[in-house]
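User: I'm new to this one and have a few quick questions. Can you walk me through it?

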Amino acid sequence: MNAAEKPREKILLVHPSALGQYSAAFLRLEPLGLELIAQACRKSGYSVRLLDLQVSSQQDYFRVMDEWRPDAVGFSLNYLANIPEVVDLAKETRKRWAEGFIFAGGHSASFTAREILDHAAGAIDCVVRGEGEEVTPKLVAMAMDDRTRIHRLPGIVSLSGDGPAPELIHSLDDLNPARDLIAKRKKYFIGTLDPAASVEFTRGCPWDCTFCSAWTFYGRSYRKRSAEVAADDLARVREPGVFIVDDVAFVHPEDGFAIGHAIEKRRLKKQYYLETRSDVLLRNREVFRYWKRLGLEYIFLGFEAIDEEGLKLFRKRLPIGKNFEALDCARELGITVAVNIIADPSWDEKRFAAVREWALSVPEIVNLSVSTPYPGTETWVTESRQFSSRDYRLFDVQHAVMPTKLSLQEFYTQVVQTQKVLSMKHLGWSGFRVSVGLAAKLLAHGQTNFVNMLLKFNKAYDMNRLLADHRREVKYEMSLPKSVPAKQVDPSTLFIHRQQLLKPIGTGHAD
Ligand code: B12
Ligand code: SF4
């Protein structure tokens with residue numbers, strides 16, 4: 001039977017809500033992974049709907065369930081902190097729909113598949129580990145036929161058993177996101193890029209930082225879309241702002257130039273936000289200069305630390321001087337930079353004060369996150385036995401989940417004070433005037449996200465709320481690593497996709 005003749009079973013794909021006040025206030029992005037899976041399912045003949053709880057409510061979800069009556073429901077779990085919400089939603093769904101096929105997948109679900117099934121106690125039939133585009137249509141087909149066999153598919157962890165290792169999809173060029181399935185597209189934005197869509201040029205990261213699971217998920221592989229396919233995708237994007245989701249943009253300069261030329265050929269005018277590394281920016285400065293001309297507005301650099309020792313600990317594989325040089329480089333190019341610093345639980349008042357002092361001395365946007373060992377990272381194996389909380393909801397890089405040297409209250413006071421100081425730096429008098437001007441321009445175009453962000457500023461930084469989050473009842477607790485903590489971790493034991501290890505990367509090289 002070919003795809004056209006197939007009965008059109010219905011699949012509902014659901015993205016959970018945004019995490020906490022903080023991320024919800026500053027950005028909201030479309031669920032690109034789910035859109036790609038949705039398109040792959042449509043190509044296989046399914047009828048698909050996509051619901052994003054970042055912009056819709058749980059009532060909307062149950063209304064779609066009641067009115068549309070899907071044959072299968074798939075939840076996205078990229079973020080660990082969303083696990084309790086999805087498990088509860090699946091349980092409520094199961095109560096109303098005893099025979100339904102309910103599955104989950106995504107970054108964090110891949111590292112915690114079996115424990116999610118345990119928490120769900122039968123409400124979730126399986127978890128898909130790894131990339132979802134190729135396996136999901138096959139999974140639904142098999143589930144409609146015989147649910148006890150689904151674990152024979154690669155990457156499936158089901159109530160009946162564990163399938164073989166997940167397989168990487170054949171080519172990123174075959175993918176195409178179903179952007180049309182999202183009803184409230186105007187809700188997606190990042191800072192002043194309002195509205196903004198998301199695009200993907202590459203997948204994976206060839207570096208291996210200890211606190212990050214982006215590289216372990218893809219077995220340290222690094223794949224690209226061809227320039228023409230990437231530009232065709234961009235040409236279909238209606239929004240003026242574009243968030244490039246790549247972990248490290250423009251690792252290879254020739255790719256950045258090729259995509260840029262394909263964009264110029266199509267006369268596309270957009271404003272871009274991307275994330276990269278300091279050494280990549282310095283090495284490939286000409287690509288970034290070229291992209292500035294194409295509309296590159298913001299670069300996010302994961303500094304992580306402002307001292308040599310900190311960088312070594314995170315295995316960033318770059319000397320601290322490169323980070324500061326990168327700031328000079330971006331200033332020379334006229335690109336706005338946002339940097340992230342990771343606050344360690346061992347920090348005291350002096351340490352926070354030093355970071356504030358440094359952050360105030362540079363014109364760039366500085367963001368502070370809290371060190372959080374996630375499943376799938378090396379730090380999870382080395383640090384997790386000291387957790388002070390195993391409540392998934394606190395694993396959002398805003399909460400402290402390891403014992404702090406200061407009392408928890410003092411630690412949060414410092415975090416919040418630092419975040420406020422750093423934000424006010426940009427909302428100071430001159431920044432405020434710029435923001436008001438921008439807000440007026442966006443409002444005139446019917447875009448309210450940026451203005452809402454300005455209004456939510458103070459609510460986003462609230463020490464009492466952070467503390468109260470620790471006192472909530474914990475229904476689902478995260479499991480600890482099975483193995484004894486070791487100083488040295490074999491990275492391949494963390495991989496979701498099993499790829500051959502790339503050559504070790506020296507300072508600044510990823511080829
Ligand atoms: C883009 C991105 C964001 C976007 C969010 C986009 C969105 N709406 O989902 C923004 C910038 C908002 C963001 C924010 C944060 N992020 Co983020 N983010 C990423 C990043 C770089 C890429 C994700 C992406 O779009 N990839 C491209 C798409 C195509 O792939 P995908 O979403 O992974 O989907 C594929 C599979 O996962 C799977 N899949 C996904 N969903 C489903 C569902 C089903 C049913 C199935 C079968 C399969 C499946 O199939 C898809 C196709 O192959 C990842 C790193 C990474 N490489 O994964 C970090 C990452 C996911 N983020 C991370 C973190 C920590 C955060 C923040 C907490 C950080 C912060 N400073 O605040 C916030 C919180 C966000 C929130 N929910 O409020 C961590 C995850 C931590 C964790 N384990 O929970 C990651 C892994 C980065 C890291 N360094 O470790 N993030
Ligand atoms: S370079 Fe960035 S994406 Fe790559 S492993 Fe390090 S933190 Fe993760």
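Predicted model: local features only at pLDDT ≥ 70, side-chain atom pairs only at ≥ 80, totals over all residues.

User: What is phi of Arg 317?

Analyst: Phi of Arg 317 is near 60°. That is a positive value in a residue other than glycine.

User: How many C-beta neighbours does Arg 317 have inside 10 Å?

Analyst: Arg 317 has 19 C-beta neighbours inside 10 Å, so Arg 317 counts as partly exposed.

User: And Ala 121? What is its phi?

Analyst: Phi of Ala 121 is near 50°, again a positive value in a residue other than glycine. Ala 121 is in the loop between α6 (113-120) and β6 (126-128).

User: Is Ala 121 buried or exposed?

Analyst: Ala 121 counts as exposed, because 11 C-beta neighbours lie inside 10 Å.

User: Let's zoom out. How many helices and strands does the chain have?

Analyst: The chain has 20 helices and 17 strands. Of its 511 residues, 44% count as buried.

User: What about contacts along the chain?

Analyst: Take the contacts with a separation of 6 or more. Residues 24 or more positions apart account for 76% of those.

User: Which strands form the open sheet of 7 strands?

Analyst: The order is β3-β1-β4-β5-β6-β7-β8, and the pairing is mixed.

User: Which strands stand at the edges there?

Analyst: β3 (47-52) and β8 (161-162). Each has a single partner strand, so one side of each is left without a neighbour in the sheet.

User: How does β7 join β8?

Analyst: Strand β7 (residues 156-158) and β8 run antiparallel, joined by 2 bridges. Ser 158 stands opposite Gly 161 in β8.

User: What packs on that sheet?

Analyst: Helix α4 (residues 83-96) packs on the sheet and touches β4 and β5. The direction of α4 makes about 170° with that of β5. Helix α2 lies across β1 (10-15), β3 and β4, running at about 170° to β3.

User: What is the order in the sheet of 6 strands?

Analyst: That open sheet runs β10-β13-β14-β15-β16-β17, with parallel pairing. β10 (196-199) and β17 (365-370) stand at its edges. Each has a single partner strand, so one side of each is left without a neighbour in the sheet. The twist averages 20° from one strand to the next.

User: How many bridges join β14 to β15?

Analyst: 5 bridges join β14 (residues 271-276) to β15 (residues 296-304), and the two run parallel. Tyr 272 has Leu 296 in β15 as its bridge partner.

User: Now the ligands. Which residues come nearest to ligand 1?

Analyst: Gly 33, Gly 74, Gly 105, Gly 106 and Gly 132 come nearest, out of 38 residues around ligand 1. By class, the shell has 20 nonpolar, 13 polar and 5 charged residues.

User: Which elements supply at least two residues of the shell around ligand 1?

Analyst: α2 (32-43), β4 (72-76), β5 (101-105) and α5 (107-111) each do. The largest share comes from α2, with 5 residues.

User: Which residues surround ligand 2?

Analyst: Among them are Cys 205, Cys 209, Cys 212, Trp 207 and Trp 215. Asp 208, Asp 247 and Arg 277 are also in the list. The shell around ligand 2 divides into 7 nonpolar, 1 polar and 3 charged residues.

User: How many residues does the largest nonpolar core have?

Analyst: It has 127 residues. Phe 103, Ile 116, Ile 124 and Val 127 have the most contacts inside it. α2 gives the most to this core, with 6 residues.

User: What does Ile 116 touch?

Analyst: Leaving out residues up to four places away in sequence, Ile 116 touches Ile 83, Val 87, Ala 104, Ala 109, Ile 124 and Val 127.

User: Last one. Where is Tyr 46?

Analyst: Tyr 46 is in the loop between α2 and β3. Tyr 46 is buried, because 23 other C-beta atoms lie within 10 Å. Its contacts include Arg 8, Glu 9, Ile 11 and Pro 137, not counting residues up to four places away in sequence.

User: How are Tyr 46 and Ile 11 placed in the chain?

Analyst: They are 35 residues apart along the chain, and their C-alpha atoms are separated by 7.0 Å.

Technical notes. Residues numbered from 1 in each chain as written. Chains lettered and ligands numbered in written order. Pairing = 2+ DSSP bridges. Helix = DSSP H or I, 4+ residues; strand = E, 2+ residues; numbered from the N terminus. Axes fitted to C-alpha atoms, helices over the stretch in contact; angles between N-to-C directions. Near = placed C-beta within 6 Å. Nonpolar A, V, L, I, M, F, W, Y, C, P; charged D, E, K, R; others polar. Core = buried A, V, L, I, M, F, W, Y, C linked by C-beta atoms within 7 Å. Buried ≥ 20, exposed ≤ 12 C-beta atoms within 10 Å, placed from the backbone. Contact = placed C-beta atoms within 7 Å.
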